[in-house]
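Look at the sequence and the model below. The briefing starts with a pocket and then turns to a sheet and its helices.

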Amino acid sequence: MVPVKRLVSLLALGMVLAPLSMRGQAEFDSAAEQLVLEQLNEARRQAGLAPLKSNPELVEAARQHSLAMAQRHTLSHQLPDENNVQGRLQTTGVHFSRSGENVGFNDRADLIHSAFMHSPPHRANLLTPAYNAVGIGIVHQGNNFWATEDFATVVTALSLDQAANRAAEAFTELRQQQKLTPLARVDVPQLRDTACTMAKTGDLNSQPLLRMPGVRYTLAYTNAQPEILPADVTRIAAQPTLKRFAVGSCFVQNERAPGGMFWIAMIFY
């Protein structure tokens with residue numbers, strides 16, 4: 001199971017709030033956002049990491065949070081009556097397996113990235129190898145630039161059939177690596193219902209699968225990327241006398257899995 005993690009931190013980037021008389025209308029600053037993105041990816045390049053892609057859904061979430069901070073003149077990861085970072089990303093519809101956030105403000109846009117890099121918790125987010133996407137939202141108000149960086153490991157949105165196919169293909173490949181005969185894949189509609197029951201209860205209980213006629217082995221797991229099989233599947237794939245297998249999948253996106261999670265049920269004959 002790929003963990004859904006949130007590495008967040010809070011730091012006012014060396015500035016104090018400007019007097020009310022100096023606060024102008026809040027505006028999104030796309031030029032500042034692009035600058036910070038370029039600085040971020042240069043830091044990752046120097047660390048030997050892949051660059052982060054700017055994700056439109058993450059950008060929108062980051063912008064709205066920066067706007068809310070600017071309007072309330074408050075630096076926070078979660079303002080009153082606002083979702084936490086995972087909840088905010090969930091509402092965009094983006095699918096992700098982990099997420100994190102940096103927030104801060106500065107009187108110079110070109111110093112935002114440097115300030116984050118000199119703060120260990122923020123730097124950890126910037127240089128997390130697992131992240132592949134980011135949304136940077138910067139709001140310019142008066143003398144201050146309010147910044148939010150929303151990081152995520154974004155995964156491909158799949159239909160239930162596509163998720164089941166990916167799990168099946170991964171198992172078939174594992175079987176081939178062991179130079180064993182590929183198994184025939186059969187359709188068992190009941191598996192999807194079983195996977196959804198497990199998802200609803202939050203319990204990976206494979207006992208009902210073992211009671212199905214002819215079933216010798218079962219596998220149940222959760223992952224935002226269904227092609228990533230659990231380690232114990234190797235033992236099943238190594239069984240030379242297996243003949244057939246079936247896969248069912250269910251998808252949930254809730255408080256426990258705000259980025260979305262597939263529940264996979266597999267049976268082997």
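**The largest pocket**

In this predicted model, 14 residues line the largest pocket, and Asp161, Arg185, Asp187, Arg192 and Val247 lie nearest its centre. A pocket is an open set of points on a 1 Å grid over the protein atoms alone, with protein on both sides within 12 Å along at least five of seven lines, and lining residues have an atom within 4 Å of a point.

- The volume of the largest pocket is about 170 Å³, counted as the space filled by probe spheres set on the points.
- H6, H7 and E9 each supply at least two lining residues; H6 gives the largest share, with 4 residues.
- The lining divides into 7 nonpolar, 3 polar and 4 charged residues; Asp, Glu, Lys and Arg count as charged.

**The sheet**

Helices (H or I, at least four residues) and strands (E, at least two) are DSSP runs, numbered from the N terminus.

- Four strands form an open sheet in the order E7-E9-E10-E8, with mixed pairing; strands pair if DSSP finds at least two bridges between them.
- Strands E7 (184–185) and E8 (217–223) are the edges, each pairing on one side only.
- E9 (residues 244–252) and E10 (residues 261–268) run antiparallel and are joined by 8 bridges.
- Phe251 has Phe262 in E10 as its bridge partner.

**Basis of the model**

- Residues are numbered from 1 along each chain as its sequence is written, and side-chain values use heavy atoms, with hydrogens and water left out.
- Local features need pLDDT of at least 70, side-chain atom pairs count only at pLDDT 80 or more, and totals for chains, interfaces and linings use all residues.

How values were computed
On a 1 Å grid over the protein atoms alone, a cavity is a set of points where a 1.4 Å probe fits but cannot get out, and a pocket is an open set with protein on both sides within 12 Å along at least five of seven lines; lining residues have an atom within 4 Å of a point.
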